[in-house]
Amino acid sequence: MAVQEKIRLAYFKGCIVDSISKELDISTKSLAKHLNIELIEFKEFSCCGSRSLPDYDAKINLLINARNLAIAEERKLDIITTCSTCTNSLRQVALELNNNLELRKEANKKLKSFGLEYKGKVKVKHLLDVLKEVDFSKISKKLVYSLNNLKVAPFYGCHSLRPREISTFPNATLLDELITSLGGSPVNYIGKTKCCGFHTLAINQSNSVKIAGINIKEAVDKNADCFVVLCPFCHIVLDGYQGEVSSSIKTKMNKPVFHLPQLLGLCLGIKPAELGLDLNMVSCKKIVERIVKK
Amino acid sequence: MKINFKVYRLNKEKSDKVRYDSFPLDVEKTDTILYCLNKIRDENDSTLTFRHSCKSAMCGSCSVLINNKPMLACKTKIHDINFKDEILIEPLKNYPVIKDLVVDYENFWKRIKAIRPWLVKGNKELMDEKINDNCILCSCCDASCDVVPADSSFVGPAAIVSSYRFIQDPRDNKRNERLKMLVSLGLWKCAHAYECIDICPKGIAPAESITALRQEIVGKRIKNFDPGFYHAKVIYDSIWKYGSINETYLFLLSRRLKTIFNLPYFLKLKLKKKAPPLSPQLIKNLEEIRWLYKKK
């Protein structure tokens with residue numbers, strides 16, 4: 001039985017879920033189906049600029065994201081993302097356009113050429129926001145497996161939290177609440193709100209893995225069983241570069257890193273294969289066995 | 001109301017061991033943290049050491065970590081803080097501790113000096129340009145920065161903001177030199193974590209200054225071979241070409257020869273059958289994106 005009435009959302013996939021973070025797309029779709037959320041894909045969506053585009057051309061960053069927002073708005077749909085950086089880019093532009101009506105007018109003049117207009121109605125929601133709307137307590141009533149006090153380290157990353165004025169959970173408690181509602185024990189550590197280092201990975205790998213190492217060490221020292229992340233970029237560093245991160249803090253890790261829909265999907269009884277867990281770099285097998293056996 | 005203050009203590013003359021002392025205080029919601037620290041020192045422990053001076057968020061000397069966030073003790077009131085049972089006061093991160101809440105700012109001042117924080121007078125006069133010179137060098141941004149502890153060659157957000165102040169000033173005749181200097185001091189190393197935006201007690205938003213400076217470098221076509229510059233350029237070019245990012249080119253063209261260090265990761269991706277394609281699929285209506293590029 002569905003958790004609630006069908007929710008329809010424009011699915012802003014982001015650039016890397018078709019390849020590097022394929023498992024995030026797979027698990028998001030499985031979870032959405034399970035929770036009666038219809039994800040409507042738009043092949044017209046462009047890249048959000050990954051927060052680096054404004055460094056090169058702020059105007060293009062504004063226009064392409066105004067176009068993205070207008071595409072969803074035209075269909076009267078709110079946007080759902082599974083990437084904190086996409087969420088951040090779209091929200092920053094929405095904020096600019098909402099606060100500066102002259103700027104919006106100028107952008108709309110251009111968007112009009114292809115029949116689009118941004119009116120400021122579309123909301124940009126991260127998957128975690130949507131889950132909150134569905135209601136954690138309703139979700140927890142549908143659990144097939146509990147995390148049963150598994151020590152889960154939440155990693156919020158930067159772009160879902162800052163700047164504060166565009167964040168929907170700036171105090172970084174929402175993911176902790178979800179972990180608790182799944183029966184897990186959220187690991188409290190300072191680095192959970194800090195940077196994963198991804199946005200400097202293609203620039204300076206050494207800095208990137210050092211940043212990640214510094215910020216997750218406390219969770220490792222507190223014997224976290226696994227991590228859960230809100231963004232595929234955080235996942236790339238913590239999962240894909242875990243060996244390098246491990247060396248930077250001179251601590252053996254071997255900690256599975258789950259995307260949010262993977263961890264929640266497991267608890268809802270979705271099969272591991274339908275969550276793309278075999279595509280994670282660090283094996284999740286032992287943790288999956290612990291969850292599924294309990 | 002009664003609140004417990006948990007305060008970091010270190011006196012290297014006696015021991016290298018850090019301890020935390022608890023001080024339950026009767027305070028008002030409108031009391032500042034500096035008032036509370038003074039109260040602790042006056043009424044409980046006269047050895048507690050911390051810096052302070054102006055008491056009006058102008059001198060920048062009383063920066064401390066309050067519940068893990070760098071803040072000015074004189075500006076922060078009890079009701080500004082999110083806390084459950086107690087308020088944790090520690091010295092700023094990213095600096096060695098001298099005693100209790102007092103840190104050694106030597107590296108901070110080295111970074112500030114590196115950007116030559118003085119006006120080099122040219123012929124132009126100040127007209128009605130808006131110059132953001134609100135920075136009080138409290139170092140809260142450097143203490144919150146993730147790159148500063150990872151890379152000692154990074155000049156840090158405070159020095160970048162200081163340099164930006166002179167770059168905005170038409171009286172300064174070294175503005176292009178300053179931009180080039182910032183590139184060599186690590187302007188492109190900022191990781192877009194935006195902590196400096198949220199914590200700056202003067203509302204300066206250093207990350208926005210960093211973006212503005214990068215835009216100036218691009219706009220003025222100042223030659224630089226920084227991987228960070230190429231990274232932003234590849235994203236710009238890739239969106240024009242495909243409407244999305246080509247991750248393979250992003251690494252190859254940003255890091256050039258150093259991409260070799262990313263090879264193990266790309267190999268792992270290949271084994272998992274999720275390596276990015278050399279040529280990503282074009283988005284639908286890509287001509288709209290290209291039109292926006294042309295008509296911006």
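This is a predicted model: local features need pLDDT of at least 70, side-chain atom pairs count only at pLDDT 80 or more; totals for chains, interfaces and linings use all residues.

Modeller: Residues are numbered from 1 along each chain as its sequence is written, chains are lettered from A and ligands numbered from 1 in the order in which they are written, and side-chain values use heavy atoms, with hydrogens and water left out.

Biologist: At what angle do helix α3 and helix α4 of chain A pack?

Modeller: Helices are DSSP runs (H or I, at least four residues), as strands are (E, at least two), numbered from the N terminus. Axes are lines fitted to C-alpha atoms, for helices over the stretch in contact, and angles run from 0 to 180 degrees between N-to-C directions. For α3 (residues 58-74) and α4 (residues 84-99) of chain A the axes lie 9 Å apart, and the angle is about 95°. That makes α3(A) roughly perpendicular to α4(A) (65 to 115 degrees; under 35 is roughly parallel, over 145 roughly antiparallel, the rest oblique).

Biologist: How do the residues of the contact of α3(A) with α4(A) divide by class?

Modeller: Contact means heavy atoms within 4.5 Å; the residues that meet include A:Leu62 and A:Ala66 in α3(A), and A:Leu90 and A:Val93 in α4(A). Ala, Val, Leu, Ile, Met, Phe, Trp, Tyr, Cys and Pro count as nonpolar, Asp, Glu, Lys and Arg as charged, and the others, Gly among them, as polar. The division is seven nonpolar, four polar and one charged.

Biologist: How far apart are the axes of α3(A) and α5 of chain A?

Modeller: Helix α5 of chain A covers residues 101-111, and its angle to α3(A) is about 70°. The two helices are therefore roughly perpendicular to each other. Their contact includes A:Leu62 and A:Ala66 of α3(A), with A:Leu103 and A:Ala107 of α5(A). The axes are 10 Å apart.

Biologist: Which three residues of chain A supply 14% of the area that chain A buries against chain B?

Modeller: Buried area is the accessible area (1.4 Å probe) that two parts lose on being put together, summed over both. Chain A and chain B bury about 5700 Å² between them, 60% of it on carbon and sulfur atoms. Supplying more than any other three residues are A:Asp55, A:Tyr56 and A:Ile203.

Biologist: Which residues does a cis peptide bond join in chain A?

Modeller: Most peptide bonds are trans. The cis bond has an omega of about -10°, and its proline is placed in the loop between β5 (151-155) and α8 (174-181) of chain A. The residues joined are A:Arg162 and A:Pro163.
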